[in-house]
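User: I am new to this structure and would like to learn how to read its features. Where do we begin?
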Amino acid sequence: MNNPVVQRIMQFLMESSEYFVVLFIAALSYFIIKKILVRAIHRYFEKTENHYDDILIESNIFSQLAYIAPALVFIYASDIIVIPKYVTQIIAAYIAVNITVFIIRLTSVINSIYSTFEIAARRPIKGYIQMVQVIAGFLGAIISVCMLIGKSPLGILSGLGAMTAILMLIFKDTIMSFIAGMQIMFNDLVHKGDWIEMPAFGVDGTVLDIALYTVKVENFDKTIVTVPTSKLIEGSFKNYRGMRDAGGRRIKRTIIIDQSTIRFLKPEDIDKFRRIGLINKYLDSKLSEDIDPTGCDINKRRLTNIGTFRAYVREYLKNNKNIHKDFTLIIRQMAPTSEGLPIEIYAFVCNTDWGFYEDVQADIFDHLTAVIREFDLRIYQHISDKTQI
């Protein structure tokens, strides 16, 4: 035992025993929280029917506390053992970084839980959560650096007033996006799930996500487009939410009639159209109008095939179960063009589903294209001058 090497080792161990104890307690605190406490919490949450706690498990937010525990042990142990100042500063900075990460994760959990509610589609808060995360990250970075160099964070933060212009320049996009997000929410401009159209950005699809900086849209060709949030306020866009909420989708198409086929009806034509039950009331009302007392045929009320066709289209759509009865229904004659006389059909399908709408619209115009010959009318069609071989 008189060996000087052994004596030095024993002396070192005796002097360092307190440090080993602190290290052991720090490691034990991490093990208890990470392997026992966090796992126990996860197992308890997995047994509950509440799905909100599943979000907490997926975020792994409780594990972040396990990283802070050993550092806190060293901080409290500074009254028992001598810890160099630079080590204390590193530990303090480490705690500040972990607390910042914990706050950022916590805000993400809040957003995930909020997204499960129906109001989240109309009032998204992801942009505001991201703004809080940016501020938390910025302040956390400043505090961590101050802890590392042993300076007071208040001194640096108070000196930021002189750097306001620089900070405004650095965070210009963040500030603009934040303001745009507030305007979007308060003015109820865009919801998640809305169909919007912005030709300038190649946008024509469904809104997937509204974040602080960007709005993500899935076009109908399955491409993804991201648009800066501020651009929704700076420019204009079309939102089809009103159509969806109203429950009707508009049909607005024209049939161009060859004007050379428009004529007055003959008595035999009227007899033939009597067989079409939809226009009997129309024929009776028009034929019962006063006849000019002069006896001149040109002054008499005479029916035309184009007018009768318009009446037929109106009654046909009124009796179509797929046309919305409470919305506008107009069959109007437009100004003639070099191609012919346009007859515009303006109505609303009672279902906003795209596929259903297209089927109904196609069925209507299939029928009108085929039935128009019964009225001795012809649809204009340009014939090419090129001879086919």
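Analyst: We begin with a pair of helices. Helix α3 passes helix α4 in a left-handed crossing. Keep in mind that this is a predicted model.

User: How is such a pair described in general, and what are the values for α3 and α4?

Analyst: Two packed helices are described by the angle between their axes and by the distance between those axes. In this case α3 covers residues 63-76 and α4 covers residues 85-114. They pack at an angle of about 155°, and their axes are 10 Å apart. Angles over 145 degrees count as roughly antiparallel, and α3 and α4 are therefore roughly antiparallel to each other.

User: Which residues make the contact between α3 and α4?

Analyst: From α3 the contact includes Leu65, Ile68, Leu72 and Phe74. From α4 it includes Ile91, Ile95, Ile99 and Phe102. Gln64 of α3 and Arg105 of α4 also belong to the contact. By class, the residues of the contact of α3 with α4 divide into 13 nonpolar, three polar and one charged.

User: Now a sheet. In what order do the strands β6, β7 and β8 lie?

Analyst: The order is β6-β8-β7, in an open sheet of three strands with antiparallel pairing. β6 (249-257) and β7 (330-333) stand at the edges with a single partner strand each, so one side of each has no neighbour in the sheet. From one strand to the next, the twist averages 15°.

User: How many bridges join β7 to β8?

Analyst: Four bridges join β7 to β8, and β8 spans residues 341-349. As one example, Arg332 has Glu344 in β8 as its bridge partner. Helix α14 (residues 305-318) packs on this sheet and touches β6, β7 and β8. The direction of α14 makes about 10° with that of β8.

User: Which strands does helix α15 lie across?

Analyst: Helix α15, residues 354-371, lies across β6 and β8 and runs at about 25° to β6.

User: How do α14 and α15 meet?

Analyst: Again the angle and the distance between the axes give the description. The axes of α14 and α15 come within 12 Å and cross at roughly 150°. That angle makes α14 roughly antiparallel to α15. The crossing of α14 and α15 is right-handed, whereas α3 passes α4 in a left-handed one. On the α14 side the contact is made by Phe309, Tyr312, Val313, Tyr316 and Leu317. On the α15 side it is made by Asp363, Ile364, His367, Leu368 and Val371. The contact of α14 with α15 has eight nonpolar residues, one polar and one charged.

User: What is the arrangement of the rings of Tyr312 and Tyr316?

Analyst: A pair of rings is read from the distance between centres and the angle between planes. The count for the model comes to nine aromatic pairs. Tyr312 and Tyr316 form an aromatic pair that is stacked, at 6.0 Å centre to centre with 20° between the planes. Both lie in helix α14, four residues apart, about one turn of the helix.

User: What do β1 and β2 form?

Analyst: β1 and β2 form a hairpin with four residues between them. Gly202 in the turn has a positive phi of about 65°. Strand β1 (residues 195-198) and strand β2 (residues 203-210) pair in the antiparallel sense over four bridges.

User: Which bridge partners does Glu197 have?

Analyst: In β2 the partner of Glu197 is Asp204, and in β5 it is Lys238. Two bridges join β1 to β5 (residues 238-239), and these strands run antiparallel.

Note on methods: Residues numbered from 1 in each chain as written. Predicted model: local features only at pLDDT ≥ 70, side-chain atom pairs only at ≥ 80, totals over all residues. Heavy atoms only, no water. Pairing = 2+ DSSP bridges. Axes fitted to C-alpha atoms, helices over the stretch in contact; angles between N-to-C directions. Contact = heavy atoms within 4.5 Å. Parallel < 35°, antiparallel > 145°, perpendicular 65-115°, else oblique. Left-handed = near helix turned anticlockwise from the far one by under 90°. Nonpolar A, V, L, I, M, F, W, Y, C, P; charged D, E, K, R; others polar. Phe/Tyr/Trp six-rings, centres within 6.5 Å; stacked < 30°, edge-to-face > 60°.
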